[in-house]
Amino acid sequence: MNNKVVVRQCEKYEQEEINRLIPEIYRRAEGPSVRGKKVLVKPNILSDRIPGKAITTHPAIVEAVLAHLIEGEASSIQIGDSPAIERPGFTGSKSGIRQVADKMGAEWVDFTRRRATIEAGGSKIAVVRELLEADIVISLPKLKNHELLYFTGAIKNSMGFIPGFHKAKQHALYRSRERFARFLVDLAEVIAPHFFIIDGIVSMEGPGPANGVPVKTGILAGSVNPLALDIIASSVAGYRPEDIPTTAEGLRRQLWLSSINEIEYDGPPAESIVKSDFRRIAIGGNRNISIQFIMNRIKPLRRFDKRPVISRSLCISCGDCIRICPVDALRYDSRSAGRVRLKDSSCIRCYCCSEVCPAGAITIRRKLFGD
């Protein structure tokens, strides 16, 4: 595997310019030939929202990638994703990605329809069957913050190959930031997409990956190496790469890279693309294991931890957070007109509830008083 990361500046979602840049990035980063190949494209559709929210890969990126695959004479092109809360029949129409697929003649895949099983992290995982049937897999992550992992990019985007609610089960199995990061690295190693292009034209700062704020970062970047790409993309957002749990785990195992110094960077001067004022997630310290044990079990001390806090005025009682919670820590509260209540002693701090809340009613913060 080569270690090249190709970065190009791009200030807005102008289709002609993106159509020019994507083939250049793919070629210079030595993306694989798609001639005569069956290609599966996997954008990031965390939830089906309009492109301006910066929650999903922008449809202009998807269109340029599909055009490049057609030009490269791929034999067939499939595209899809599986948001955690969506049910069979998901179309991705609000994001604009389904319309682009139809326009370009790509087949939209319902990721909940056909399943296969792989082994990752020592356990069997359900994945979309089309993943195993494709000759080439191309992953299109979005540059965003992440409350649990601080940053989400190429490695994390492989989680979307797990259909629907099966994702939440992994949080129940891997209940700490570090254990979940190890699982994601296991998963990315097994799934092993062949090429990655990250949408960093407009990214998400603040409480990502769903409730943050769009911010212009002005880059497109591509690589065959997910770890190298995540290192560059997280650096653009001002993170120290070694603070990102998935990056630290990949480097520790010497997967994809043995050292950050091995990255071959092809792009503008690094100082010109780093956004020092990007609103990052505060990096939590690694507690002594005995302190962590106490914090997790004594309720007064657990209140010093960041946790989901539900706004009763914003909650619309849709139940998405209840359905996604892997440990049944959320329930309807009969005392307050059906709003949702958190059982804090059961919460594992995976923050899935905040990711799927369509009303932005769940924030992640410390709450010392009240419930």
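Tyr-26 and Phe-195 are both buried. In this predicted model, the two residues form one of the structure's five aromatic pairs, and Phe-195 belongs to a strand, β10, that is itself largely enclosed.

**Aromatic pairs**

- The structure holds five aromatic pairs.
- The rings of Tyr-26 and Phe-195 make a tilted pair, with 4.5 Å from centre to centre and 50° between the planes.
- Tyr-26 sits in helix α1 (residues 15-28) and Phe-195 in strand β10, so this pair ties together parts of the chain that are 169 residues apart in sequence.
- Phe-111 and Phe-161 form a stacked pair, with 6.3 Å between the ring centres and 20° between the planes.
- Phe-111 lies in the loop between β4 (107-108) and β5 (115-120), and Phe-161 lies in the loop between α5 (154-157) and α6 (166-173).
- These two loop residues are 50 residues apart, and their pair links distant parts of the chain.
- Phe-111 and Phe-161 are both buried.
- Tyr-174, Phe-180 and Phe-183 are joined into a cluster by ring pairs.

**Strand β10 and its partners**

- Strand β10 covers residues 195-205, and ten of its eleven residues are buried, so the strand is largely enclosed by the rest of the structure.
- Strand β7 (residues 136-140) runs parallel to β10 and is joined to it by two bridges.
- Ser-139 has Phe-196 as its bridge partner in β10.
- Strand β8 (residues 142-146) also runs parallel to β10, again with two bridges.
- Lys-144 stands opposite Met-204 of β10.
- Strand β11 (residues 213-223) pairs with β10 in the antiparallel sense, over nine bridges.
- Gly-200 has Ile-219 as its bridge partner in β11.

**Cysteines**

- The structure holds zero disulfides.
- Cys-353 is in no disulfide, and the nearest cysteine sulfur, that of Cys-321, is 6.4 Å away.
- Cys-353 is buried, with a relative accessible area of 8%.
- Cys-10 is buried too, and its relative accessible area is 3%.

**The chain as a whole**

- The protein chain contains 13 helices and 16 strands.
- Its radius of gyration is 20 Å, close to the 21 Å that the globule rule gives for 371 residues, so the chain is as compact as a globular protein of that length.
- The C-alpha trace spans about 60 × 45 × 40 Å along its principal axes.
- Of the 371 residues in the chain, 56% are buried.
- Among contacts between residues at least 6 apart in sequence, 74% join residues at least 24 apart.
- The chain exposes about 15500 Å², and carbon and sulfur atoms supply 51% of that area.

Note on methods: Residues are numbered from 1 along each chain as its sequence is written. This is a predicted model: local features need pLDDT of at least 70, side-chain atom pairs count only at pLDDT 80 or more; totals for chains, interfaces and linings use all residues. Side-chain values use heavy atoms; hydrogens and water are left out. Buried means under 20% relative accessible area, exposed over 50%, partly exposed in between (1.4 Å probe, protein chains only). Helices (H or I, at least four residues) and strands (E, at least two) are DSSP runs, numbered from the N terminus. Two strands pair if DSSP finds at least two bridges between them. Rings of Phe, Tyr and Trp (its six-membered ring) pair if their centres lie within 6.5 Å; planes under 30 degrees apart count as stacked, over 60 as edge-to-face and the rest as tilted. A disulfide is a pair of cysteine sulfur atoms within 2.5 Å. The radius of gyration is taken over C-alpha atoms; the globule rule is 2.2 Å times the number of residues to the power 0.38. Contact means heavy atoms within 4.5 Å. Accessible areas come from the Shrake-Rupley method with a 1.4 Å probe; for residues, only the protein chains shown count as cover.
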